[in-house]
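I opened a new notebook page for this structure. My plan was to look things up one by one and write down what came back.

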Amino acid sequence: HPCHFASLFQSSPFMMAEVQELLQFLSMDARADVRGTALEVVLGITASKESEGFFKQNRDFVDAIVTIVKEETHVKDAIAALINLTTDDELALQIMYGGILDNLARRILSPEEQYPDPCCMLLVNLTRHAECAKQLTRLRIGEKPVIHSLVDVFCKSEAHTKHGNLHHLANVIFNITQIREGRNAVMARSSEGCVIQVDLSLIVDTCVCLCLCASVFGSTWFCSVSYPLRNTKSLF
């Protein structure tokens, strides 16, 4: 049963057979309840000090978690695990190359998404890296650049979704504007005028407006965010 792996990880290094067994529990072929329990265990591992070494040595786990995010079950724990893993540069790039940017953008842009704020937190960590920021800047859904849509829903915030406040999208926009391509995308002109100028008119908070404007000329990457690990009986 996947539950015993948590205490095993804390007491001694994983044996190869045990690693492979835990990885199988994360497979989409595994029963949903077993996969969910295994994911809770993996989430606990991502919060430990030894997590970076473990996941760098066992990169298939990262790909498995990315696959779970693309599905509709156990998404919250999978995103939480990736938020913890993206504090490491190498693992963040692996997660990006797993094709998660499109999925995260679509989730954030959907008014029906149940976990928009964790999706935004993960996007913050990913866009700290210039390559991830560049890929998100180039991403399009339909005819519209994704970054334009993200700016739009951030400014609409609570009018866009009742499941979150989307505050972390400000950090994403800040990160995007640290690269020239990102600044150009945010400042691009549409048929209605400058994208950021039009959307800022929807924001009441003056401080947010000033910070967003300043970010176009700024040079500081936002720090990573980490996910608070919830207490679960299966982990401890």
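I began with the aromatic rings: Phe-54, Phe-55 and Phe-61 form one aromatic cluster. This is a predicted model, where local features need pLDDT of at least 70, side-chain atom pairs count only at pLDDT 80 or more, and totals for chains, interfaces and linings use all residues. Residues are numbered from 1 along each chain as its sequence is written, and side-chain values use heavy atoms, with hydrogens and water left out.

I noted the ring rule. Rings of Phe, Tyr and Trp (its six-membered ring) pair if their centres lie within 6.5 Å; planes under 30 degrees apart count as stacked, over 60 as edge-to-face and the rest as tilted. How many aromatic pairs does the rule give? I got 3. Phe-54 and Phe-55 make an edge-to-face pair, at 5.0 Å centre to centre and 85 degrees between the planes. Phe-55 and Phe-61 have ring centres 6.3 Å apart and planes at 80 degrees, so this pair is edge-to-face.

Next I looked up burial (buried is under 20% relative accessible area, exposed over 50%, partly exposed in between; 1.4 Å probe, protein chains only). Phe-54 is buried at 8%. Phe-55 is buried at 0%. Phe-55 and Phe-61 are both buried.

Then I turned to the cysteines. How many disulfides does the whole structure hold? I found 0 (a disulfide is a pair of cysteine sulfur atoms within 2.5 Å). The sulfur of Cys-119 has its closest cysteine sulfur in Cys-120, 6.9 Å away, which is too far for a bond. Cys-119 is buried, with 0% relative accessibility. Cys-120 is buried as well, also at 0%.

I moved to Asp-117, which sits in helix H9 (residues 116–127). Helices (H or I, at least four residues) are DSSP runs, numbered from the N terminus. Asp-117 is buried but has no salt bridge. That term needs a side-chain nitrogen of Lys or Arg within 4 Å of a carboxyl oxygen of Asp or Glu. The nearest side chain of opposite charge is Lys-76, 10 Å away. What does a polar atom of the Asp-117 side chain lie 3.2 Å from? I found the backbone nitrogen of Asn-165. Beyond neighbours within four places in sequence, Asp-117 is in contact (heavy atoms within 4.5 Å) with Gly-164, Asn-165, Leu-166 and His-168.

My last entry is helix H12 (residues 169–176). Of its 8 residues, 8 are buried, so H12 is largely enclosed by the rest of the structure. Among them are Leu-169, Phe-174 and Ile-176.

Note on methods. Helix = DSSP H or I, 4+ residues; strand = E, 2+ residues; numbered from the N terminus. Lys, Arg positive; Asp, Glu negative; His and termini not counted. Polar contact = N/O pair within 3.5 Å; in protein donor to acceptor, adjacent residues only side chain to side chain.
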